[in-house]
Amino acid sequence: MKRRQLMRYAGASLLTATATAFNPLKIVQAQTDNALTVEWLGHTCFLFTGSDLRILVNPFRTLGCTAGYRLPRPEVDLVLISSQMLDEGAAENLPGNPKILFEPGVYRLKDVQFQGIGIAHDRQQGLRFGTNVAWRWKQGGVDILHMGGAAAPIEIEQKILMGTPDLALIPVGGGPKAYDAREAKQAMQILSPKIVVPTHYRTAAADETACNIAPVDEFLQLTEGMPVKRLEKDKITITTQDLPNSGTEIRVFSYNF
């Protein structure tokens, strides 16, 4: 299958949305809370739990850079994908028939608004890998921005939509379709988030022959002097009280796969 070929989703509820302006989902009254649980499932895939919602971002197939990770198949309410490539958009055969968002636009689910922001997936204005969708939403009291596989600089219009998130998940490992360490640092400086979680970097789970991305340490070397927490597990809970009062803190999940 060619990388830019649209995937056919089997057993999943695909939202037929062009989503150029506002495309609402069914609004259901949600229970609010003040905590967000974030679980790293490998590469750019994360599970977010809070505000009576379970949201999966960028499920993958196990090949190339994701060959050694466990197949992410939790039961969730919603799936957000950055592109329809197999390392970040393999949303078929997920349990529970969740809703899937995959295009830029504004959506609502359970009183939570989701903003999909288009940004090029390569350094040739999207000519090679098309458009990456960065996702912004608020869950558990935390303003989240997942940059997916962004590779292009953040323009003024995109910055306005992205805002200043509490938690930004930014790719750092480079390769042809995501930020390298230097580009990730520039994006972090533009966004000024309170917490940055690096994504899309080499681990022991990646197939070295098929995965030309750098380890997270290259990004950490460029950001030397900033506060860094190397987490001892692949799941954390963040409350609004946990957010730094000033500056940006980097949190790196442990490899436990």
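This is a predicted model: local features need pLDDT of at least 70, side-chain atom pairs count only at pLDDT 80 or more; totals for chains, interfaces and linings use all residues.
Strand β2, residues 35-42, is largely enclosed by the rest of the structure, because 6 of its 8 residues are buried. On one side of the account stands strand β14 (residues 235-239), which pairs with β2 in the antiparallel sense over 5 bridges. Within this pairing, L36 has I238 of β14 as its bridge partner. Strand β3 (residues 45-50) also pairs with β2 in the antiparallel sense, again over 5 bridges. Here W40 stands opposite F46 of β3. The two strands β2 and β3 form a hairpin with 2 residues between them, and H43, in the turn, has a positive phi of about 60°.

Leaving out residues up to four places away in sequence, L167 touches L36, V38, F48, V142, D143, I144, L145, I195, V197 and I238.

Seen as a whole, the protein chain has 3 helices and 15 strands. Of its 257 residues, 56% are buried. The accessible surface comes to about 11500 Å², and carbon and sulfur atoms account for 48% of that area.

S82 lies in the loop between β5 (78-80) and β6 (99-101). With a relative accessible area of 1%, S82 is buried, because this value falls under the 20% cut-off. Beyond its neighbours within four places in sequence, S82 is in contact with N58, E88, T131, N132, V133, W135, G148 and G149.

Charged side chains come next. Side chains of opposite charge can pair when their charged atoms come close. A search of the whole structure finds 9 salt bridges, and three of them are described here. In one, the side chains of K194 and D166 meet at 3.8 Å, N to O. This pair links distant parts of the chain, 28 residues apart: K194 sits in the loop between α2 (181-191) and β12 (195-199), and D166 in the loop between α1 (156-162) and β11 (167-171). K194 counts as partly exposed at 32% relative accessibility, whereas D166, at 12%, counts as buried.

A salt bridge also joins the side chains of D217 and R230, at 2.8 Å from N to O. This pair, too, links distant parts of the chain, with D217 in helix α3 (residues 217-222) and R230 in strand β13 (residues 228-230), 13 residues apart. D217 is partly exposed, with a relative accessible area of 35%. R230 counts as exposed because its 51% relative accessibility is over the 50% cut-off. In a further salt bridge, the side chains of E249 and R251 meet at 2.5 Å, N to O, and both residues are buried.

Technical notes:
Residues are numbered from 1 along each chain as its sequence is written. Side-chain values use heavy atoms; hydrogens and water are left out. Helices (H or I, at least four residues) and strands (E, at least two) are DSSP runs, numbered from the N terminus. Buried means under 20% relative accessible area, exposed over 50%, partly exposed in between (1.4 Å probe, protein chains only). Contact means heavy atoms within 4.5 Å. Accessible areas come from the Shrake-Rupley method with a 1.4 Å probe; for residues, only the protein chains shown count as cover. Two strands pair if DSSP finds at least two bridges between them. A salt bridge is a side-chain nitrogen of Lys or Arg within 4 Å of a carboxyl oxygen of Asp or Glu.
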